[in-house]
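This text leads through one structure, a few places at a time. Please keep the sequence and the model in view while reading.

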Amino acid sequence: MKIAVLAGDGIGPEIVAEATKVLVALDEHFELEPALVGGAAYEAHGHPLPDATLNLARAADAVLFGAVGDWKFDKLERALRPEQAILGLRKNLGLFANFRPAICYEQLTHASSLKPELVAGLDILIVRELTGDIYFGQPRGRRAAPDGPFAGQPEAFDTMRYSRPEIERIAHVAFQAARKRSRKLTSVDKANVLETFQFWKDVVTEVHAQYPDVELEHMYVDNAAMQLVRAPKKFDVVVTGNMFGDILSDEASMLTGSIGMLPSASLNERGFGLYEPSHGSAPDIAGKGIANPLATILSAAMMLRYSLGKAEQADRIDAAVQRVLARGLRTADIWSEGTSRVGTVQMGDAVVAELR
Ligand code: IPM
Ligand code: MG
């Protein structure tokens, strides 16, 4: 099985190296093929998502992705910025269904910024639509001189848009996920203000007719943001659009102690997937050897489970991560009094040692 390994920018190469080590330790003889993506690809080839990288991803059985982005590219025209690489991969590969689980490991209850009793045992799943919404809606731009400097422009605009099939397919994915869990789904919208999200709410309600065994609740996004920090355990599966999902998944991640712990899977209709940590490239700590590789290692576990049919190996990785945490090893982002602080490589080594 061939895995495209796209490490990207910032801490990307460091965390992906640790996840790769873990995959190699499984002894499954995966073919791991690296390629440049994001700012790194722009610097080498003049484009954040070169054809060779996209073709490698297309030909692979799954994609392991690090992170893209660096402030030094902020001045580039939008089409050449590192973020376009991940957006282009999602769009070109049809990865419309983004799973972002937020699980609070028992050992990390105290690393959360919320009171331990609010987050202990937390296990929620955010299902984010990933290829529509204001991220991809047309038209978009700035009036006057679309490619000119920002200063002096009279206005800028993006278009929020969802089609019926786009909402239907993500709703089906979310209802099916809810069926495998506690049969409770919260659909997050802004139907009180936005046409796009009144439509979203109506279509999700229609799809619900096919899942009478799942309880459906609708919630406005502002209220959802508030409820997530007030009583996060009230949620089980949450489904929402691309923009709200981006924001709520970052919020949910902090409930678990650190965004450095959150894996994600982005799947297309055939179950092909790209796996990446939910966090970004963190250029501020890049190269310091202190980034938490666990989100990427757990993303590799999701890859084994969802795309490669190796659920047992995925379980082994999950268990190894738990044992490492139980031993008290912590990267800086999840460190607390009485635990041992380790760097990126030591954390990866510890997971490999537990696997063996
Ligand atoms: C994420 C990131 C991306 C997004 C960026 C890097 C384009 O924030 O995966 O959540 O906004 O989707
Ligand atoms: Mg985000």
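A salt bridge joins the side chains of Asp 315 and Arg 305, with 3.0 Å from N to O. The term salt bridge is used for a side-chain nitrogen of Lys or Arg within 4 Å of a carboxyl oxygen of Asp or Glu. Asp 315 belongs to helix H11 (residues 311-326) and Arg 305 to helix H10, so this pair ties together parts that are 10 residues apart in sequence. Helices (H or I, at least four residues) and strands (E, at least two) are DSSP runs, numbered from the N terminus.

The model is predicted: local features need pLDDT of at least 70 and side-chain atom pairs count only at pLDDT 80 or more, while totals for chains, interfaces and linings use all residues. Residues are numbered from 1 along each chain as its sequence is written, chains are lettered from A and ligands numbered from 1 in the order in which they are written, and side-chain values use heavy atoms, with hydrogens and water left out.

Arg 305 also forms a salt bridge with Asp 318, where the closest N and O atoms are 2.8 Å apart. Since Arg 305 lies in helix H10 and Asp 318 in helix H11, the pair ties together parts that are 13 residues apart in sequence. How covered are these side chains? A residue is called buried under 20% relative accessible area, exposed over 50%, and partly exposed in between (1.4 Å probe, protein chains only). Asp 315 is partly exposed at 43%, Arg 305 is partly exposed at 31%, and Asp 318 is partly exposed at 24%.

Helix H10 itself is mostly covered, with 11 of its 13 residues buried. Among the buried residues are Leu 294, Ile 297, Leu 298, Met 302 and Leu 304. The helix runs over residues 294-306; at 1.5 Å a residue it should span 18 Å, and its end C-alpha atoms are 18 Å apart, which agrees. The expected span is 1.5 Å times one less than the number of residues.

By the rule for salt bridges, the count comes to 21. One more pair is Lys 72 and Glu 43, whose side chains meet at 3.6 Å, N to O. Lys 72 lies in the loop between strand S3 (62-67) and helix H4 (83-92), and Glu 43 in helix H2 (residues 39-45), so the pair ties together parts that are 29 residues apart in sequence. Both Lys 72 and Glu 43 are exposed. Elsewhere, Glu 18, Lys 21 and Asp 349 are linked in a network of salt bridges.

Which residues are around ligand 1? They are Glu 83, Arg 90, Arg 100, Arg 128, Tyr 135 and Asp 246, where the limit is a heavy atom within 4 Å. A polar side-chain atom of Arg 100 is 2.8 Å from an oxygen atom of ligand 1. For Arg 128, a side-chain N or O atom is 2.8 Å from an oxygen atom of the ligand, and for Tyr 135 a polar side-chain atom is 2.5 Å from one. The protein covers 75% of the 320 Å² of accessible area that ligand 1 has on its own, by the Shrake-Rupley method with a 1.4 Å probe.

At 71% relative accessibility, Glu 337 counts as exposed. Glu 337 and His 218 are 119 residues apart in sequence and 40 Å apart in space, C-alpha to C-alpha.

Conventions:
Polar contact = N/O pair within 3.5 Å; in protein donor to acceptor, adjacent residues only side chain to side chain.
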